[in-house]
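Please look at the sequence and the model together, and follow the text slowly from one contact to the next.

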Amino acid sequence: MAELTYRDAVSRAIAQEMARDNNVVFLGEDIGKAGGVFKATVGLYERFGPLRVRDTPISEQAILGAAMGAAMTGLKPIAEIMFSDFLAVCFDHIANEMAKNRYMSNGQLKCPLVVRTANGAGSRFGAQHSQSVENWAMMIPGLKVVAPSSPADVIGLFAAAVRDPDPVIFFEHKSLYGMKGEVPDGEILDTLGTAKILRPGKDATIIALALMVGRAMEAAERLKAEHGIDCEVIDVRSLVPLDTRCILGSVAKTHRLFTVEENPRLCGWGAEIASIVADESFYDLDGPIVRITTPHLPLPAADNLEDVVLPTVDRIVDTVKRSMA
Amino acid sequence: MALANNKQAATPAARNPSDKPSSASGPEFAKEQELLALREMLLIRRFEEKSGQMYGMGLIGGFCHLYIGQEAVVVGLKMAMQDGDQMITAYRDHGHMIASGMDPKGVMAELTGRRSGYSRGKGGSMHMFSLEKHFFGGHGIVGAQVSLGTGLAFANRYRKNSSVSLTFFGDGAANQGQVAESFNMAELWKLPVIYVIENNRYAMGTSVSRASAQTDFSKRGLSFNIPGEQVDGMDVRAVKAAGEKALKWCREGNGPIILEMLTYRYRGHSMSDPAKYRTKEEVEKMRSEQDPIEQVRTRLLAKKLATEDDLKKIDAQVRAIVNEAAEFATHDPEPDPSELYTDVLA
């Protein structure tokens with residue numbers, strides 16, 4: 001067991017998979033000699049060399065095209081898209097190519113690749129470098145979508161993503177890179193499509209993703225201590241596949257559901273979960289499903305504006321308390 | 001400093017594998033090569049004619065982009081390729097599939113949306129693949145196959161094998177942004193890819209001169225230091241010769257190369273295009289003066305390498321293959337609806 005930052009967990013995860021399998025090749029902008037703009041890939045270039053750790057031109061479409069073309073022949077590329085906002089620059093490959101080739105080819109073409117990308121707000125980067133866009137990937141049939149909230153999950157879920165035969169969009173949260181957590185020694189391999197109950201509770205279920213997980217946990221502690229409301233907190237971890245069993249099971253127990261989402265409100269991942277729960281578990285619910293989200297806005301750059309626009313611990317506590325009153 | 005870094009300015013001759021377009025004089029074919037080329041081009045032509053008919057009869061739906069007129073391009077290159085070399089193209093793809101050796105029955109059954117189609121009806125005209133034949137599709141988004149084909153070459157280079165990616169696209173796709181990104185990456189990393197630009201003179205319904213600032217597509221790689229040449233894409237001998245040179249260039253580790261194939265599409269962009277943007281005379285002139293199949297027939301007869309009867313026999317054999325494919329594709333059952341949910345994810 002060692003304490004590791006989320007950032008160092010990323011490089012350890014990539015190294016774990018590259019050391020295991022020569023078919024794993026890593027491409028992206030500034031990932032090699034520069035060690036990554038978030039310093040999440042430090043040491044990989046030195047360890048695995050320039051053929052396996054490829055600094056690319058600033059060409060997102062060519063990066064994903066190269067990665068997918070290589071994946072079609074059986075390599076297992078890891079492609080970094082520096083900021084998740086830039087997925088829009090190469091969205092053709094995300095939406096039309098890698099997600100569809102298996103289906104369109106009657107299963108002949110496989111696309112075992114991972115697109116890693118830094119997602120989310122908190123760094124005052126403004127509207128084009130701060131978005132939470134996991135719902136962009138979630139809406140496309142043929143993709144898997146993962147967003148870890150802790151260093152240990154980064155390694156385990158990343159390893160699972162690399163070994164998965166499908167294209168996986170792997171959302172790292174840029175405000176979590178400095179987060180520290182305990183990480184077991186040796187190889188770590190987790191399972192895609194599994195949520196995690198981080199805090200058992202009996203009065204309400206709060207589900208959260210990535211940066212929002214820590215805030216949901218803190219809110220749950222305060223709700224218990226200050227208001228006697230005992231919340232179960234679930235880290236969704238994987239949006240596709242979605243662990244509906246875990247979510248529905250929790251709702252059956254607590255009878256209330258809150259989502260904490262960093263994405264802008266319309267069509268956020270929580271809306272889909274709310275729809276599933278309403279369909280499957282309506283009679284388990286004792287009250288409305290409540291979504292706590294960023295408003296439907298572009299993200300501002302100023303400290304106070306960005307702070308107020310994202311779901312905060314205070315907002316989560318207030319919303320749950322009022323809804324449960 | 002800037003000049004010293006400009007490789008192209010420093011060594012222009014070394015960067016160009018050919019001083020003249022190889023179209024100036026296509027090297028002669030032996031009798032067997034002429035017959036092979038004729039048979040393959042004819043198979044594509046008859047297959048496409050049949051596809052057009054079946055589309056008209058309502059047996060094929062959706063999109064259907066015919067390759068008629070361009071047959072020499074894919075057939076000549078296929079004659080130059082070695083086993084392991086890959087092909088990838090866009091949606092005018094039936095010719096590439098047949099040239100790759102894919103079964104016409106499976107291709108036609110995909111066009112009619114039947115269960116024995118290459119993609120079991122989940123791909124359609126624009127999306128068929130054969131890993132066995134190293135044919136990587138069949139892509140519907142103009143230009144996307146260019147970065148994917150570059151990726152195939154990236155994998156070849158990574159594995160240190162001798163295979164070359166033949167990445168086909170049209171004069172229209174040449175104006176897509178990801179083509180420029182791919183050119184840069186391919187030359188930077190010396191990837192073994194031949195960019196085959198099939199210049200059939202029309203980007204959908206817009207002529208080359210109305211859509212492209214630089215209409216000599218062999219020059220599109222210049223700013224990336226990628227050599228290119230224009231090839232008479234109606235002369236299968238010129239295509240094969242250019243392909244051999246380009247393949248050698250790639251296999252020797254020199255990086256990418258562009259072959260602009262000067263060709264012509266006889267039919268509209270798709271079956272729903274009446275092609276009113278050009279004159280009937282223009283099409284007729286190409287057909288009567290430059291048709292790739294007629295060129296071979298004429299040579300075979302002139303050199304007395306074959307008789308009219310021999311050629312009729314070949315045509316009959318080809319028609320039999322196509323008719324069998326059409327018959328098969330008309331009577332093969334439709335896909336089972338349970339197929340809807342297979343192969344979305346592994």
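In this predicted model, the side chains of A:R124 and A:E306 come together in a salt bridge, with 2.8 Å from N to O; the term stands for a side-chain nitrogen of Lys or Arg within 4 Å of a carboxyl oxygen of Asp or Glu. Between domain 1 of chain A and domain 2 of chain A the count is five salt bridges. On the side of domain 1 of chain A that touches domain 2 of chain A, α6 (134-138), β6 (144-146) and α7 (151-163) of chain A each supply at least two residues, where helices (H or I, at least four residues) and strands (E, at least two) are DSSP runs numbered from the N terminus. By class, that side of domain 1 of chain A has 10 nonpolar, 11 polar and four charged residues; here Ala, Val, Leu, Ile, Met, Phe, Trp, Tyr, Cys and Pro count as nonpolar, Asp, Glu, Lys and Arg as charged, and the others, Gly among them, as polar.

Residues are numbered from 1 along each chain as its sequence is written, while chains are lettered from A and ligands numbered from 1 in the order in which they are written. Because the model is predicted, local features need pLDDT of at least 70 and side-chain atom pairs count only at pLDDT 80 or more, whereas totals for chains, interfaces and linings use all residues, and side-chain values use heavy atoms, with hydrogens and water left out.

How are the two domains of chain A bounded? The assignment, which is automatic or taken from a database, gives domain 1 (2-183) and domain 2 (196-324) of chain A. The centres of these two domains, taken over C-alpha atoms, are separated by 26 Å, and their contact (heavy atoms within 4.5 Å) takes 25 residues from domain 1 of chain A and 27 residues from domain 2 of chain A. The size of an interface is often given as the accessible area lost when the parts come together. Buried area is that loss, found with a 1.4 Å probe and summed over both parts, and for domain 1 and domain 2 of chain A the value is about 2,100 Å², 57% of it on carbon and sulfur atoms. Across this interface there are also 15 residue pairs in polar contact, both residues being at pLDDT 80 or more; a polar contact is a pair of N or O atoms within 3.5 Å, and within protein one must be able to donate a hydrogen and the other to accept it, while residues adjacent in sequence count only if both atoms are side-chain atoms.

The next interface joins two chains. Here 39 residues of chain B are in contact with 43 residues of chain A, and the two chains bury about 3,600 Å² between them, 63% of it on carbon and sulfur atoms. How many salt bridges does the rule find across the interface of chain B and chain A? The rule finds zero salt bridges there, although 17 residue pairs are in polar contact between chain B and chain A. On the side of chain B that touches chain A, the largest share, nine residues, comes from α6(B), and the residues of that side divide into 19 nonpolar, 13 polar and seven charged.

Within chain A, A:R116 forms a salt bridge with A:E80, the closest N and O atoms being 2.7 Å apart. This pair links distant parts of the chain, with A:R116 in strand β5 (residues 114-119) and A:E80 in strand β4 (residues 76-83) of chain A, 36 residues apart.

Finally, two details concern the backbone. The peptide bond from A:V240 to A:P241 is cis, with omega near -5°, and A:P241 is found in the loop between β12 (238-240) and α9 (244-254) of chain A. A:K39, although not a glycine, has a positive phi of about 55°, and the place of A:K39 is in the loop between β2 and α2 of chain A.
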